[in-house]
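Some remarks on the backbone and on confidence follow, as numbered points. Please read them with the model open.

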Amino acid sequence: MSKHFDKLREESKFVFNIEIKKNNHNKFKLVKKKVTFPWSLGRGYEQRSGMNCIRILPQVAGAGLMSGDNFFQRVYLGKDARVRMEDSGSMIVLSGEKGPAATHWEYTVNEGGILILDSEPYCLLDNARCEFYNTFYLSESATVIALDGFCHSKNLVEKFGYYKNETKVRSLDGKLILMDRQKALAGSLHRLSKYVEKGSGAVGTINIFAVEKVSANLIAVVDDLDIPHARTAFNGISGFSVRLLAPSGGQLRNVTKHVLGQFEQKLKELIV
């Protein structure tokens, strides 16, 4: 009985909890959709071009996070499921006296699953503080491409808040494989702004987790991006990370959208 109630308590913390599976007709379906405030979600859409997958377009009330928010979301992909999750627009983060706005995402990708997270940069308003946590539970044959990043609405360093990002990769049984942490304070953002022509600087990351053949082919298509960037291979898991610095959130988004298009074309060639 106590295990049952523990399960109910665990489920209740998620304000966004969906599950996608592949059916016998090679289609991908939302088989579970528990979505409460501040999220809303319509049906999934069949992608008309590119890789065969289901498109999920979640929306958040007010298009942003408020000081003190602390939300938990979960996405589960069954065997061979393919999902493309897209933001409907850049999410703003508001300042306030209730502490940082925090959001926690948990993703499970089973054997043969493909997850593409097409995320817009978070836009921090004056003195906003944001903490962003991702945990991926991955099978050895999973493929994940994940975008994240942030920008400021103004160029004034005295208006900068801070942004914290933590990404963990675990096996399906929970073993920790990789942990990556980034933290950008006002001072570090001010220093970064010297490396861009205009603006306070937008910072982004493209992460690839996949078997070696797939990850190597994907990273090979990343060409001259016209903005400062660096790439590195992960330790303990096959994949790569690309860090990007741009003058604005709009330019960061343009670059990541370009790279993501190249990735999806390559995935279509690599995966039947």
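1. Asp226 is exposed, with a relative accessible area of 66%. The cut-off for that class is over 50%. This residue sits in the loop between α3 (212-219) and β19 (229-233). Its backbone deserves a look in this predicted model: Asp226 is not a glycine, yet has a positive phi of about 65°.

2. Asp80 is the next residue to check. Here too phi is positive, at about 65°, and Asp80 is not a glycine. The loop that holds Asp80 runs between β8 (70-77) and β9 (82-86). Is Asp80 buried, partly exposed or exposed? Its relative accessibility is 26%, so Asp80 counts as partly exposed, since that class lies between the limits of 20% and 50%.

3. The peptide bond between Phe37 and Pro38 is cis, with omega of about 10°. As for its place in the fold, Pro38 belongs to the loop between β2 (28-35) and β3 (39-40). When checking this bond, look at the Phe37 side of the link as well as at Pro38.

4. On confidence, the protein has a mean pLDDT of 86. Residues that reach 70 or more make up 87% of the protein.

5. Where is confidence lowest, and where is it highest? The lowest mean, 57, belongs to helix α1, which covers residues 2-12. At the other end is strand β12, residues 114-118, where confidence is highest, at 96. The mean of 57 for helix α1 falls under the limit of 70 that local features need here.

Key. Residues numbered from 1 in each chain as written. Predicted model: local features only at pLDDT ≥ 70, side-chain atom pairs only at ≥ 80, totals over all residues. Heavy atoms only, no water. pLDDT = per-residue confidence, 0-100. Helix = DSSP H or I, 4+ residues; strand = E, 2+ residues; numbered from the N terminus. Buried < 20%, exposed > 50% of the residue type's maximum accessible area, 1.4 Å probe, protein only.
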